[in-house]
Amino acid sequence: KELLVKESDYVYVLPKGTVQGQKVPVYFYLSDKLFELLEEDAIKQAANASTLPGVEGAIYVMPDVHVGYGFPVGGVMATRLEDGIISPGSIGYDINCGVRLIATNLRAEDIVPVRKQLMERILQEVPAGVGSTGKIKLSRSELREVAVKGARWAVERGFGFEEDLEHIESFGALPNADPSYVSTDAFDRGSDELGTVGSGNHFVEVQVVDEIYDQEIAKKLGLDVGQVCIMVHSGSRGFGHQVCVDYLRIARESLKRYNIDLPDMQLACMPINSEEGQAYFKAMNSAANYAFANRQILGFITADTIRKFLRISWQELGYRLIYDLAHNIGKVEIHKGKKLLVHRKGATRAFPPYNPEVPPAYRDIGQPVLIPGDIGRYSFLLVGQPRSMEISFGSACHGAGRVMSRTKAKEFVKKEGLEKILKDLVVVARGKGTIMEEIPQAYKDVSEVVRVVDALGIAKMVLRLRPVGTLKG
Ligand code: 5GP
Ligand code: MN
Ligand code: MN
């Protein structure tokens with residue numbers, strides 16, 4: 001920590017040349033308060049990544065940073081296509097873990113009085129929990145189709161609407177997917193997990209717009225105080241996890257062949273231009289598409305459950321997908337004129353207005369940036385700003401980030417008592433253990449995190465959402 005230099009408000013830098021073999025500086029975007037919470041190991045992990053072959057520009061670390069596998073959660077790294085590497089650990093085990101926000105025409109008063117019963121119903125209808133399986137059983141060929149078509153596959157099967165696709169990052173399907181590079185193990189694990197939330201940090205949450213910071217943009221998004229929304233946080237389940245496991249092993253085995261020297265084996269990687277690197281890229285995109293389909297199904301069945309519970313039509317419900325984004329992904333993008341592979345791990349894309357990748361509906365306001373907080377306090381919607389293209393490869397934070405380990409959170413609950421902590425929150429889950437690990441106190445205050453990206457001009461705060469009820473894995 002002593003090696004970090006405070007460059008300006010919210011900007012700390014580990015200058016190039018501080019650690020051996022460092023190729024680029026490392027920027028940490030933090031307030032003073034969040035700097036206090038910064039872990040030594042997270043600094044070390046980001047510094048390690050700055051020595052990798054073909055790393056370009058700088059490593060950027062977001063204010064929700066915490067230690068991850070090899071590369072910190074909240075980290076952004078770009079590598080050159082010609083001589084750079086691709087690192088599975090810097091994308092994460094949960095490939096295309098991400099967030100979706102759906103707006104409805106419902107008002108808080110329609111939901112709040114019945115929220116307990118509603119959440120129980122959602123618990124019945126939406127599969128969640130460790131290794132939970134869904135109602136959809138996929139053959140190998142169907143799963144291949146999911147891995148290529150992504151969210152479109154789900155829409156074609158009746159889970160959602162054609163318009164949804166326009167409001168998903170990369171239209172819900174990454175083009176470089178080739179499931180022939182995905183192992184049989186991954187296929188086996190993925191065959192019955194589509195349309196399931198997963199465990200722990202993943203959730204389906206009914207929320208209400210609570211406070212608006214930018215009226216004009218909120219209006220363009222069609223969102224107003226008191227309006228009910230649905231937020232979904234999930235990823236590629238066992239399918240993506242297995243892809244990561246498989247290619248971490250392949251990466252480790254190929255290090256010698258490509259003369260790659262690593263400060264930490266968890267950063268095992270492959271040249272992008274190698275056979276192994278290309279195979280991982282195609283498998284990773286397949287898993288990403290699985291995740292897009294997964295959130296498409298989850299959002300739709302949650303909305304359908306609310307609709308049936310209230311005995312109203314789709315029209316009365318007013319289902320409208322605001323946006324869906326990835327926060328664990330590697331993408332080829334052009335930055336400052338160079339084609340790069342941008343690794344985002346626990347980091348969200350935050351493209352500014354008029355970027356061609358921003359959906360037409362949002363072209364003049366910028367890409368929606370969805371930032372979940374925790375089960376008790378709030379979550380935020382921001383929009384991407386031009387500075388993100390200058391200082392973070394078009395990226396922002398992805399959440400609040402943990403401050404307590406799962407074990408610590410459980411101890412805290414045992415001391416304080418779950419009832420006292422949750423008070424009047426409505427949280428449903430298959431197991432009580434998850435809720436104990438996911439108490440609000442286990443996370444940083446997300447408002448402090450989004451304040452930093454807003455102040456830096458990476459993304460602009462538009463509105464805040466408060467939870468009405470949460471389904472946890
Ligand atoms: P991750 O992708 O790192 O697992 O989680 C992303 C973020 O989601 C966390 O940093 C945390 O701020 C947020 N989060 C985790 N659980 C919940 C939840 O149940 N509700 C809300 N609104 N946010 C959550
Ligand atoms: Mn996630
Ligand atoms: Mn995840």
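User: Before looking at the metal site in this predicted model, what counts as a donor?

Analyst: Donors are N, O and S atoms within 2.8 Å of the metal, with a cut-off of 3.2 Å for Na, K and Ca. Water is not among the atoms, so sites may look incomplete.

User: Which protein atoms are the donors of the manganese ion (ligand 2)?

Analyst: The protein donors lie 2.1 to 2.3 Å from the ion. Along the chain they follow the spacing C-x135-H-x93-H. The donors are Cys97 (SG), His233 (NE2) and His327 (NE2).

User: Which residue bridges the manganese ion (ligand 2) and the manganese ion (ligand 3)?

Analyst: The manganese ions, ligand 2 and ligand 3, lie 3.6 Å apart. The residue that bridges them is cysteine 97.

User: How many residues apart in sequence are the parts tied together by cysteine 97 and histidine 233?

Analyst: Cysteine 97 lies in the loop between strand 6 (85-86) and strand 7 (98-107), while histidine 233 lies in strand 9 (residues 227-234). Cysteine 97 is buried, with a relative accessible area of 5%, and histidine 233 is buried at 7%. The pair ties together parts that are 136 residues apart in sequence.

User: Which side chain has an N or O atom 2.2 Å from an oxygen atom of ligand 1?

Analyst: The shell around ligand 1 holds 18 residues, and the closest are Asn201, Glu205, Gly373, His398 and Ala400. An N or O atom in the side chain of histidine 233 is 3.2 Å from an oxygen atom of ligand 1, and a polar side-chain atom of lysine 472 lies 2.9 Å from a nitrogen atom of the ligand. The side chain at 2.2 Å from a ligand oxygen belongs to asparagine 201.

User: How much of the accessible area of ligand 1 does the protein cover?

Analyst: A polar side-chain atom of lysine 472 is 2.9 Å from a nitrogen atom of ligand 1. On its own, ligand 1 has 510 Å² of accessible area.

User: Which elements give two or more residues to the shell around ligand 1?

Analyst: By class, the shell has five nonpolar, nine polar and four charged residues. The elements that each supply two or more of the shell residues are strand 8 (203-212) and strand 19 (459-472).

User: Is strand 12 (residues 328-335) largely enclosed or largely open?

Analyst: A residue is buried when its relative accessible area is under 20%. In strand 12, six of the eight residues are buried, so the rest of the structure leaves the strand largely enclosed.

User: Which residue in the hairpin of strand 12 and strand 13 takes a positive phi?

Analyst: Strand 12 and strand 13 (residues 338-345) run antiparallel and are joined by eight bridges. Histidine 335 has lysine 338 of strand 13 as its bridge partner. Two residues stand between the strands, and the one with a positive phi, near 50°, is lysine 336.

User: Which side chain makes a polar contact with arginine 349?

Analyst: Arginine 349 belongs to strand 14 (residues 348-349). Arginine 349 is buried, with a relative accessible area of 1%. Its side chain has a polar contact of 2.9 Å with that of glutamate 357.

User: Which residue follows helix 16 (residues 446-456), and what is its phi?

Analyst: The buried residues of helix 16 include Val446, Val449, Val453 and Leu456. An α-helix has 3.6 residues a turn, so residues three or four places apart point the same way. After helix 16 comes glycine 457, with a positive phi near 80°.

User: Is arginine 311 buried or exposed?

Analyst: Most residues other than glycine have a negative phi. Serine 170, in the loop between helix 6 (151-156) and helix 7 (184-190), has a positive phi near 55° and is buried at 16%. Arginine 311, in the loop between helix 10 (275-310) and helix 11 (314-317), also has a positive phi near 55°. At 77% relative accessibility, arginine 311 is exposed.

User: How far apart in space are the C-alpha atoms of phenylalanine 161 and arginine 320?

Analyst: Phenylalanine 161 lies in the loop between helix 6 and helix 7 and is partly exposed, at 29%. Phenylalanine 161 and arginine 320 are 159 residues apart in sequence. Their C-alpha separation is 9.3 Å.

Technical notes. Residues numbered from 1 in each chain as written. Chains lettered and ligands numbered in written order. Predicted model: local features only at pLDDT ≥ 70, side-chain atom pairs only at ≥ 80, totals over all residues. Heavy atoms only, no water. Helix = DSSP H or I, 4+ residues; strand = E, 2+ residues; numbered from the N terminus. Buried < 20%, exposed > 50% of the residue type's maximum accessible area, 1.4 Å probe, protein only. Near = heavy atom within 4 Å. Polar contact = N/O pair within 3.5 Å; in protein donor to acceptor, adjacent residues only side chain to side chain. Areas by Shrake-Rupley, 256 points an atom, 1.4 Å probe, with all protein chains shown as cover. Nonpolar A, V, L, I, M, F, W, Y, C, P; charged D, E, K, R; others polar. Pairing = 2+ DSSP bridges.
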